[in-house]
Amino acid sequence: MLKKRVVATVVVKDGIVVQSINFKKYLPVGRPPIALEFLNQWGIDEIILIDISASKNKKEPNYKMVSKASEKCFVPLTVGGGISKIEHVEKLMHCGADKISLNNAAIYQPNLISSAAHIFGDQCVVVSIDAVRTDSGYKVYDYLNKKIINDSPSEFANKSVELGAGEILINSVDRDGSYLGFDYELINSICKVVSVPVICSGGAKNADDFIKVFENTNASAASAANFFHFFEHSVNITKCGIKKKIEVRLETHADYSENEFDENYRLQKKLDSVLEEMLFVRIEKEVI
Amino acid sequence: MKNPRIVIIDYGVGNTYSVSNAIDSLGYRRLRISDKEEEIDNADVLILPGVGAFKACVNNLKERNLVSILNKQVLIKKKPILGICVGMQLLASFSEENGVHEGLGWIPGNVQKLQLPEQFAIPHVGWNNVVMKNNCPIFNHNTPDSNFYFDHSYFFNCDEKYVVGYCNYGFKVTAAVQHENIFGVQFHPEKSQTSGLKLFRGFLNSI
């Protein structure tokens, strides 16, 4: 059976991983290779690496950063930011990217979607849509020029799939960094019109939000950015929480299946007697 | 064989860097990414990666004269080869992806579009557990039913006797094939975390 995917979005600005709040405020987190190595070790299902400074500064993708970051990433890596030519896609594929994410290019150069899909296959092309809620419903948002496009995200998604997009990544700008949970209405509006997998993003706070989005929408994958960076084993712990209700992949000895959580999915301390016994448990590092 | 010479076939469209990273992390140092006959001839084992549309892949193989080079290495010299994703589909007789295109024809069968019930999204993207069959050595180091990362819209439809692993996605999707020294996996071991690294170890230890 196909598992629901738990995805980490790593937002990079000027070579540094940042926490993004409403696409407006950015707080530094650390270096991309370290962030990816840890997410990978903690059992993330997929990583989306978005360079938000590349397009803004009219620069090509930062290939050196991508190839350094991908070295210890043994899960699928989608790279976005600064892609405006087919050569950029080709170079990224040689730097360790498995898929590319088109955002601004999808708005202004839709032909790039089809040309990339023809050469690299449609499974390689993710179209990323930033959506905002307006008085006349959801609209596509152009974050570079900070303007609202007159297309609804579902129309836009549909057009992209016709051009060859293999996945749709839908980001709620309003929920970005808000910890208010995913926007089901927005996500469902996309899932209803496209047959390709939908990845949703924006608003996740803990495992509960993942459970709810998988129960209330047909999304194949859900992504979080910020909260994965801020505590040890964040991915394993989150997935352990999700797995109580939804099928996700959790193949590690550190699966937290015997732990208790509080209402915010924070780990509870184990009983002293259990901790004492654990003193004598030796866990060998797995050698492959 | 200890420390085999490994060549990852470079034909322009594969994610060669990812595959090389994964194998390198297992400690294999005699590892090359190449399309040169001399280096391919010197290799003990070959890997045919793949991210791309079938037609583009076949055309690139032909342009670099790799079809005849590989035929010699694999069919006559019997070198073990592992095809990954489109690299596995290339083993087939032909593919129906955007028109009919001839493949390498090493394992009889054809590559067809996934025909799925409505609730199943296409492409088939994500982690799916693989049921392993016939004790294929590539799975020697994996626990049964391990999850691997899939990302494809077409599948390899071939005789049951070549199928050494399948997964369920609306129907039994061919996940791994083997015919003598020729191996292929539909999923991406280089992107399947520890399960994938174990598969590479299984394959490279079996030669």
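Is strand S8 (residues 124-129) of chain B mostly covered or mostly uncovered, and how many of its residues are buried?

Author: In this predicted model, strand S8 of chain B is mostly covered, for six of its six residues are buried. The strand has a partner in the antiparallel sense: S8(B) pairs with strand S10 (residues 147-152) of chain B over six bridges. One of the residues involved is Asn129(B), whose bridge partner in S10(B) is Asn147(B).

The loop between strand S7 (109-113) and S8 of chain B contains Pro123(B). The peptide bond that leads from Ile122(B) to Pro123(B) is cis, and its omega is near 0°. Most peptide bonds are trans, and most residues other than glycine have a negative phi.

A further backbone feature of chain B concerns phi. Glu180(B), although not a glycine, has a positive phi of about 50°. This residue is found in the loop between strand S13 (172-179) and strand S14 (182-185) of chain B. Glu180(B) counts as exposed because 11 other C-beta atoms lie within 10 Å, and the exposed class is set at 12 or fewer.

Tyr256(A) sits in the loop between helix H9 (234-243) and helix H10 (272-278) of chain A. With 18 other C-beta atoms within 10 Å, Tyr256(A) is partly exposed. To return to the part in question, the six residues of S8(B) are buried.

Conventions: Residues are numbered from 1 along each chain as its sequence is written. Chains are lettered from A and ligands numbered from 1 in the order in which they are written. This is a predicted model: local features need pLDDT of at least 70, side-chain atom pairs count only at pLDDT 80 or more; totals for chains, interfaces and linings use all residues. A residue is buried if 20 or more other C-beta atoms lie within 10 Å of its own, exposed if 12 or fewer, and partly exposed in between; C-beta atoms are placed from the backbone. Helices (H or I, at least four residues) and strands (E, at least two) are DSSP runs, numbered from the N terminus. Two strands pair if DSSP finds at least two bridges between them.
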